[in-house]
Amino acid sequence: MSKLIKLYNIILSNARWLFLFVIIVSNSSFIDDKIAAKNKLKVIVIDPGHGGHDPGNLGTGRYKKTEKHIALAISLKFGEYITQNFPEIKIIYTRESNEDFLKLGERTQLANDNNADLFISVHCDAFTNPSAFGAGVYVMGMSKLKANMDVAMKENAVIYLEDDYKENYDGFDPNTPESYIVFSLTQNTHLDQSLQLAEHVEQQFAIIANRKSRGVKQAPFYVISRANMPSILVEAGFLTNPDEEDFLHSEKGQDYLASAIFSAFKTYKESVEGVGENDNKKEKIEIKKEISNTDLITSTLHKVIFKVQIGTYLKSMQNEKLFMDIKAEEDEINGTFKYYVGGEMDKNKADILAKKMRKNGFKGAFIVAFYKDSRISMKEALDLQTKINNHE
Ligand SMILES: [Zn+2]
């Protein structure tokens, strides 16, 4: 009994502190809620490149449709994925038809006027050498690399198709190097988040759309330089490469690319909104670590991916229910069909997945490694990872 009284006295004498403590705790969760609400993505602007009398690049010339058509098709599919999964998010397209022509400045203006939370511009690449292929993701920034500058200058050159470009861009001339000095002075306040999203897109292009990864790059694209929010520019692939052009013109190819961008968007969304707590927090830190190193933007970090090969077959198993259920990824090589699941950067995680697959009937399941979309040996993969880790 006396013990109880003692306890009662202790509580009573500390009641003041207890009260304060409750206020602090409840207040901090209130602040957390406020932060979460503030970070919620509400408006996304999707910008299909080109349009109207600007066809974008013409590709190999084997198709009537050009870059503007592909950019719109991927953009609309991507937006549709968001609407289906997050109906509360408002999607604004800078253009919704192939007849619309928009000035470059109007595209970002639309995003700024609507206080968009993200700006995503979709394009397709072109190069004089038809063997160039692969998808690239860009964030705003100056680049010393000629290749990056060339892509940006080419995309910026659409300004010339505007009648009054001289008045509208304060003398900015896409083809004169001096014009780009101003970009190096522009403070890029959203670089961190832009890079985060770009990294996710890059990873998903390799995992979902099976694209060769060309890495996240920085280049002075006018269209993303004026956005007051995290923004990226996606070059979905080369229309000058016949194989890639076929892929980009196919419904399936467009769908893969759109779902890859969506999947990246979803990861980004969870990360900035703080959903799924610990995992995402960890991821955030890892990404932070990545981008703190200046030349990492073009580096190979995180590009070794471990998948589990569950089997090789002489016919496609893609429509088998089991294979659909586990979302097996098909890779056809000369009439044989290999199937993979997973896409881990941590080999231990892939080990666990392989064990699980073996337990579930895929007796021969084993781990394979990929680097920049090419299969590499396990030794090469581990050496490469050690190298990357030492680089950090
Ligand atoms: Zn373009």
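Author: In this text, buried means under 20% relative accessible area, exposed means over 50%, and partly exposed lies in between (1.4 Å probe, protein chains only). The model is predicted: local features need pLDDT of at least 70, side-chain atom pairs count only at pLDDT 80 or more, and totals for chains, interfaces and linings use all residues. Residues are numbered from 1 along each chain as its sequence is written, and side-chain values use heavy atoms, with hydrogens and water left out.

Reader: Is Glu67 buried or exposed?

Author: The relative accessibility of Glu67 is 2%. The limit for the buried class is under 20%. Glu67 therefore counts as buried.

Reader: Which residues coordinate the zinc ion?

Author: Donors are N, O and S atoms within 2.8 Å of the metal (3.2 Å for Na, K and Ca); water is not among the atoms, so sites may look incomplete. Along the chain, the donors of the zinc ion follow the spacing H-x16-E-x55-H-x31-E. At 2.0 to 2.4 Å, the zinc ion is coordinated by His50 (NE2), Glu67 (OE), His123 (ND1), Glu155 (OE) and Glu155 (OE).

Reader: How many residues apart are Glu67 and Glu155, and which helices hold them?

Author: Helices (H or I, at least four residues) and strands (E, at least two) are DSSP runs, numbered from the N terminus. Glu67 lies in helix 2 (residues 67-85) and Glu155 in helix 4 (residues 146-156). The pair links distant parts of the chain, being 88 residues apart.

Reader: Why does Glu155 count as buried?

Author: The buried class requires a value under 20%. Glu155 is buried because its relative accessible area is 9%.

Reader: What is the orientation of helix 9 to helix 10?

Author: Axes are lines fitted to C-alpha atoms, for helices over the stretch in contact, and angles run from 0 to 180 degrees between N-to-C directions. Helix 9 (residues 242-249) and helix 10 (residues 251-273) pack at about 80 degrees, with their axes 4 Å apart. Angles under 35 degrees count as roughly parallel, over 145 as roughly antiparallel, 65 to 115 as roughly perpendicular and the rest as oblique. Helix 9 is therefore roughly perpendicular to helix 10.

Reader: Which class describes the orientation of helix 7 and helix 10?

Author: Helix 7 (residues 191-207) and helix 10 pack at an angle of about 140 degrees, and their axes are 8 Å apart. Helix 7 and helix 10 are therefore oblique.

Reader: How many helices and strands are there in the chain?

Author: Of the 392 residues of the chain, 47% count as buried. The chain has 14 helices and eleven strands.
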